[in-house]
Amino acid sequence: MKPVKVGICGLGTVGGGTFNVLKRNAEEIARRAGRGIEVAQIAARRPNPKCETGATPITADIFDVANNPEIDIVIELIGGYTQARELVLKAIENGKHVVTANKALIAVHGNEIFAKAREKGVMVAFEAAVAGGIPVIKAIREGLSANRINWLAGIINGTGNFILTEMREKGRAFEDVLKEAQALGYAEADPTFDVEGIDAAHKLTILASIAFGIPLQFDKAYTEGISKLTSADVNYAEALGYRIKHLGVARRTDSGFELRVHPTLIPADRLIANVNGVMNAVMVNGDAAGSTLYYGAGAGMEATASAVVADVVDVVRALTTDPENHVPHLAFQPHSLSDHPILPIEACESAYYLRIQAKDHPGVLAQVATILSERGINIESIMQKEVEEQDGLVPMILVTHRVVEARVNDAIAALEALEDVVGSVVRIRVEQLN
Ligand code: HSE
């Protein structure tokens, strides 16, 4: 049988890795796919020194690939929203299948892209968009298809996890670690996407859609980054038996779905609390399988290429099947997507870590306890540290039981209004994940 011809758009870290893996493992991949896979064209603005492309034709224009009649599958690895959307829609328009690693594209334009792909009877595969080399989309979409998924929680941004790990283990400064992550090639082109949680929210949006069968709704995800975390909170969390991780959480509730990305205290003995450095992990809780955990490299040249090439193999295997029988993009049949709403963060429920800086006066602790109890907030543990020399204030650290966020917002406003409380109350959500 003739080989399937693919075109790679973008020859950066992931594009170079994809070319290299396709070339190095060509024989093994052909044995799995049932046909050879040939890179017939590459679109790149500049060569990649880590990738020896030999005689493969190269163009500077990505649309040459989308319009090339020889090409069966377009691999979009240019990143970003606008041009990537145009490229993918053009490829689909031309009847080509698409494989992409672009989480921003899928999270924001996925509904439109999938509708167009269904109209044209082509596949759009995006395993590499979430957690790099971990086949978590396949695991949820296919491996867990018997389950009603209750919740999932993941460390899905390697850069953020690397920063938190280095801050905790080595006491390094935030900026310093970020620079190293950029040099290692993990950080996004715009690193605020990593540190402000946007990248994680893109990935969480995708995971939630395939877990619950809901349209992609990135605009409704609550997103909070790690840039305001202090080493004081990292250390207090440690003293309370927790680790702070930047977590994406999606949870099914009776009134809607929670979709939130924020720093989170997790009990230190949970496996996921011990996922360090640039590694990613996603925990999925289904009613039949219980909790399962997927761990591995969430970024990097060949780890991400592993997911891209696996998608190419899936597309090649499915080339002869009737489009109606392809695995649905969002796991559920398109006419069966749920319109159950995404909840605003105020309606989400969590436990909370609160740090209050108070003047060292009698009765302050009683006032704090009264404010919480009046709002039905149950305190799980409390720790009061000695007066800090530099400002004469007492740090008070509380962990609450689970409660709806709106009540905590109200309590924080009341606490900050107390004469003996100085500055803002630090609030970090807590998840037991059990
Ligand atoms: N910037 C991302 C991360 C790359 O750090 O996880 C992989 O999506």
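## The chain end

At a relative accessible area of 7%, leucine 433 is buried (buried means under 20% relative accessible area, exposed over 50%, partly exposed in between, with a 1.4 Å probe and protein chains only). Leucine 433 sits in the segment after strand S17. Its phi is positive, at about 55°, although the residue is not a glycine.

This is a predicted model, in which local features need pLDDT of at least 70 and side-chain atom pairs count only at pLDDT 80 or more, while totals for chains, interfaces and linings use all residues. Residues are numbered from 1 along each chain as its sequence is written, and side-chain values use heavy atoms, with hydrogens and water left out.

## Overall form

The protein has 14 helices and 17 strands (DSSP runs numbered from the N terminus, with helices being H or I of at least four residues and strands E of at least two). Its radius of gyration is 24 Å, close to the 22 Å given by the globule rule for 434 residues, so the protein is as compact as a globular protein of that length. The radius is taken over C-alpha atoms, and the rule is 2.2 Å times the number of residues to the power 0.38. Along the principal axes, the C-alpha atoms fill a box of roughly 85 × 45 × 35 Å.

Of the 434 residues, 54% are buried. Among contacts between residues at least 6 apart in sequence, 74% join residues at least 24 apart (contact means heavy atoms within 4.5 Å). The protein exposes about 18200 Å², and carbon and sulfur atoms supply 49% of that area (Shrake-Rupley method, 1.4 Å probe).

## Charges and salt bridges

There are 42 positive and 54 negative side chains, and the centres of the two sets lie 5 Å apart. Lys and Arg count as positive and Asp and Glu as negative, without His and the chain ends; each charge is placed at NZ of Lys, CZ of Arg, CG of Asp or CD of Glu. Side chains of opposite charge can pair when their charged atoms come close. The whole structure holds 32 salt bridges (a side-chain nitrogen of Lys or Arg within 4 Å of a carboxyl oxygen of Asp or Glu).

One of these pairs is glutamate 238 with arginine 168, at 3.3 Å from N to O. Glutamate 238 belongs to helix H11 (residues 231-239) and arginine 168 to helix H7 (residues 158-170), so the pair ties together parts that are 70 residues apart in sequence. Glutamate 238 is partly exposed, at 34% relative accessible area, and arginine 168 also counts as partly exposed, at 21%. Another salt bridge joins glutamate 180 and arginine 172, at 2.8 Å from N to O. Here glutamate 180 is partly exposed, with a relative accessible area of 31%.

Glutamate 405 and arginine 427 also form a salt bridge, with their closest N and O atoms 3.4 Å apart. This pair links distant parts of the chain, 22 residues apart: glutamate 405 is in helix H14 (residues 405-417) and arginine 427 in strand S17 (residues 426-430). Glutamate 405 is buried, at 3% relative accessibility, whereas arginine 427 is partly exposed, at 22%.

## Helix H6 and its surroundings

Helix H6 (residues 136-143) has Val136, Ile137, Ala139, Ile140 and Arg141 as its buried residues. They pack against strand S7 (149-155), helix H10 (198-212), strand S11 (279-286) and strand S12 (290-297).

In helix H10 lies isoleucine 210, which is buried at 1% relative accessible area. Neighbours within four places in sequence aside, isoleucine 210 is in contact with Ile137, Ile140, His329, Leu330, Ala331 and Phe332. Its C-alpha atom is separated by 30 Å from that of glycine 36, which is 174 residues away along the chain.

The loop between strand S6 (124-125) and H6 contains alanine 131. Alanine 131 counts as buried, at 0% relative accessibility, and its phi is positive, near 60°. Most residues other than glycine have a negative phi.

## Arginine 85 in helix H4

Arginine 85 is placed in helix H4 (residues 82-93) and counts as partly exposed, at 26% relative accessibility. Leaving aside neighbours within four places in sequence, arginine 85 is in contact with Leu105, His109 and Glu112. The C-alpha atoms of arginine 85 and histidine 109 are separated by 7.2 Å, and the two residues are 24 apart along the chain.
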